[in-house]
Every structure is written in structure tokens, then in C-alpha cells.
Amino acid sequence: MESKVIYIFYMMMMQILQIMNTKNILGAVTILFIGLMSCQDPYIPTTLESEQEIVVEGYIESGDNANPTFVLVTRSIPFIGKVTPEKLASLFVKDATVIVNDGQKDVTLNRLCLSEIPLELRDQAYQLLGFNPDSVALDLCLYVDLLNSIDRKEGGKYDLRVTIGDKQLTATTTIPRFTGLDSFDFRPTPGVPIDTLSQLFCKIKDPENTIDYYRYFTATGGDGLIPPFTSVTNDLFFNGKDFEFPIARAQRRGQGGGFDPNAFGMFRRGDTITIKWCTLDKAHFDFWNTRDFAANNGGPFGSYTRIITNIKGGLGIWGGYAVAQYELIVPK
């Protein structure tokens with residue numbers, strides 16, 4: 001009985017984390033769950049509270065259709081406790097000072113809350129942050145380079161400093177050299193072809209003598225860009241080669257409509273799709289590599305994975321991307 005209750009609560013927390021996009025505290029949730037499940041005797045916590053940590057999620061991009069630089073600052077929540085809309089809303093840190101140094105100057109980011117954005121622009125803001133507008137009723141606040149004052153370029157190094165009262169968090173990231181996709185090819189679905197669907201293959205000319213790291217997102221129609229369940233790779237097996245590989249259509253976790261293994265990752269014929277292709281550095285790759293593994297290895301029999309953070313003094317990620325977007329029409 002205790003195991004069933006723990007498992008149900010775990011699944012509820014996963015849904016909350018997915019809605020809130022707080023990917024960076026998943027490791028803390030998972031280790032508590034694994035610890036509870038692996039004990040011979042039931043563990044009954046003596047307190048529902050734990051010390052809150054500051055969680056940072058921020059990105060800086062350079063390239064085609066690059067997003068503005070933004071940072072989300074929140075507080076972590078305990079695994080066991082009552083979660084209410086008011087509790088979730090209180091997690092957003094609205095009194096931080098967030099500064100990015102681009103090697104030449106310090107730029108202080110402006111705080112921006114969604115309630116301050118005109119209604120007709122809010123859906124775009126939700127898409128930028130990766131939230132589902134139908135599932136979020138909170139007034140999210142983040143810190144943005146509204147005036148585009150940061151010099152964003154390939155090869156640039158960017159230091160982040162977040163100050164909250166007497167507490168300071170720091171991180172460093174880079175925007176690496178960009179390596180784009182070379183060509184695209186739509187093909188029939190594997191096995192017995194499905195007339196309404198197509199699979200996408202692309203080619204890349206990977207640079208020689210360097211270790212490169214890649215991540216991608218997809219969007220169909222007017223949907224926002226989202227990453228697939230496994231979103232990053234390195235060039236361990238194709239360093240310096242012309243390499244062909246499939247691009248899968250991403251979909252949100254927990255999306256309704258059931259799971260169809262024959263259609264998973266395929267694109268509908270006639271649709272207009274967007275591919276966002278990114279290069280990132282090793283620290284940024286390590287975060288998403290461990291986060292994706294943890295997210296895909298959940299449940300009562302999953303093993304614990306520590307999500308690697310590059311935030312000193314807290315949790316999360318400050319990551320740079322070199323990006324490009326490709327607009328494609330799936331042949332009918």
C-alpha cells in the first residue's frame with residue numbers, strides 16, 4: 001500500500017514539474033523517490049519542510065531567429081508537502097538582480113512578468129519559455145535583455161551573476177561555433193508505409209578534430225518549438241564525417257490522444273514544420289544529457305541520475321546556443 005501511494009505521488013509531482021518546466025530540480029525529486037522505494041522498512045519523514053535552494057534556468061543565443069537572452073529564477077520545493085497555486089506562484093523570485101557580462105561590459109537584465117505583457121503577445125512568450133498556455137495560470141516572471149545590449153556571437157564567453165539579498169549565484173557559458181544541417185530528405189515510414197505520414201532524415205558535415213555537441217527542437221504548424229525526449233547528442237560516432245540521421249517530431253510529455261508507436265516521431269504529409277538546430281558547449285550538453293536520461297528513466301524501477309548543473313551556489317543551467325531555424329514542407 002505504501003509503495004502505491006508513493007508512486008502515485010511521484011507521478012503527480014512529475015506532471016507539476018512538466019507544467020512548470022522546472023527540469024532542473026528533477027534529480028532532487030528522483031533521489032528522494034528512489035531512496036523511499038529501496039528501503040526495507042517504510043520511511044516516515046519527521047518534517048515536510050526542507051531548505052530551499054535557488055534554481056536558475058537561463059539561455060543566451062546567437063544566430064538565425066535567436067531568442068532574446070532570458071533567465072528564470074525560482075526556489076525549489078520539498079518532495080513531500082501541499083502544493084497549491086499560491087505556493088507555486090511564490091516560487092518565482094521577483095527581487096533578484098541578474099547581470100550578464102559579455103567580456104566587454106555588464107548588462108543588467110530587466111524583470112518582466114507575463115501579466116505585464118499585452119494579451120495578444122502572451123502566447124509568444126509562453127512558446128519562448130516552452131510552457132503550454134492552456135496549462136499555466138500563474139504570473140510567471142523572468143529577467144530579459146529587452147534592449148538586446150549583450151554582444152552575442154560565436155566564440156563568446158558569458159558570465160552570469162544572480163544576486164538575491166546577501167546570496168549570490170554565478171555561472172559561465174559559451175556560444176560555440178555553429179555547424180548547420182546540410183540537407184533534408186523525407187522518406188516513407190518504416191515497415192508498412194503509412195500514406196499520411198513521412199519520416200525526416202538530414203545530413204551534417206561534422207568538423208574534424210573537435211568534439212561537437214548538438215541539440216534540436218521541432219514545431220508543426222503554429223505550435224511552439226519543443227525538444228524530443230532525447231534532445232542532445234555529441235559527435236562521438238561521426239566526428240569529422242558526413243553523417244545522415246533521422247529527425248523525430250517532438251511532442252509534449254503527457255500529451256493526450258494516446259501513444260501510437262507507428263506514428264511516433266513521424267511528420268504529417270502537407271504540414272509546414274520548423275527545425276531549430278543548436279550547437280552547445282560541454283557543460284550545457286552535460287546538463288541536458290543527464291536531464292533527458294533522468295526524465296526518460298523514471299518510474300518505480302528507474303535508477304537515480306544526478307543532473308549536472310553549472311550554477312555555483314544553486315541549481316539549474318546557464319547555457320549558450322549557436323542556432324539556426326529551417327522551415328520545411330512535408331511532401332504530400
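Mentor: A disulfide here is a pair of cysteine sulfur atoms within 2.5 Å. This is a predicted model: local features need pLDDT of at least 70, side-chain atom pairs count only at pLDDT 80 or more, and totals for chains, interfaces and linings use all residues. Residues are numbered from 1 along each chain as its sequence is written, and side-chain values use heavy atoms, with hydrogens and water left out.

Trainee: OK. How many disulfides does the structure hold?

Mentor: The structure holds 1 disulfide. Cys113 and Cys141 form it, with their sulfur atoms 1.9 Å apart. The link of Cys113 and Cys141 is right-handed, with 105 degrees about the S-S bond.

Trainee: What does the pair tie together?

Mentor: Cys113 lies in strand S5 and Cys141 in strand S6, so the pair ties together parts that are 28 residues apart in sequence. Strands are DSSP runs of E, at least two residues; helices are runs of H or I, at least four; both are numbered from the N terminus.

Trainee: Cys113 and Cys141, buried or exposed?

Mentor: Cys113 counts as buried at 3% relative accessibility. Cys141 counts as buried at 0%. Buried means under 20% relative accessible area, exposed over 50%, and partly exposed in between, with a 1.4 Å probe and protein chains only.

Trainee: And Cys202 and Cys278, buried or exposed?

Mentor: Cys202 is buried, at 1% relative accessible area. Cys278 is buried too, at 0%.

Trainee: Zooming out. How many helices and strands are in the protein chain?

Mentor: The protein chain has 5 helices and 16 strands. Buried residues make up 45% of its 332 residues.

Trainee: Which strands form the open sheet?

Mentor: 8 strands do, in the order S5-S6-S2-S1-S16-S15-S11-S12, with mixed pairing. Two strands pair if DSSP finds at least two bridges between them. Strand S5 (110-113) and strand S12 (232-234) are the edge strands, and each pairs on one side only. The twist averages 30 degrees from one strand to the next. For such angles, axes are lines fitted to C-alpha atoms, for helices over the stretch in contact, and angles run from 0 to 180 degrees between N-to-C directions.

Trainee: Which helix packs on that sheet?

Mentor: Helix H5 (residues 282-296). H5 touches strands S1, S11, S12, S15 and S16, and its direction makes about 85 degrees with that of S16. Contact means heavy atoms within 4.5 Å.

Trainee: Back to S2. Why is it largely enclosed by the rest of the structure?

Mentor: Because 5 of the 6 residues of S2 are buried. S2 (residues 70-75) joins S6 (residues 141-144) through 2 bridges, and the two run antiparallel. S1 and S2 also pair in the antiparallel sense, over 6 bridges.

Trainee: Which residue in S2 is the bridge partner of Tyr59?

Mentor: Phe70. In S6, the bridge partner of Phe70 is Val144.

Trainee: How many residues lie between S1 and S2 in the hairpin?

Mentor: There are 6 residues between them, and Asn65 in the turn has a positive phi of about 55 degrees.

Trainee: New topic. Where is Lys157 found?

Mentor: In strand S7 (residues 157-164). Lys157 is partly exposed, with a relative accessible area of 48%.

Trainee: What does the side chain of Lys157 make a polar contact with?

Mentor: The side chain of Asp159, at 3.2 Å. A polar contact is a pair of N or O atoms within 3.5 Å; within protein, one must be able to donate a hydrogen and the other to accept it, and residues adjacent in sequence count only if both atoms are side-chain atoms.
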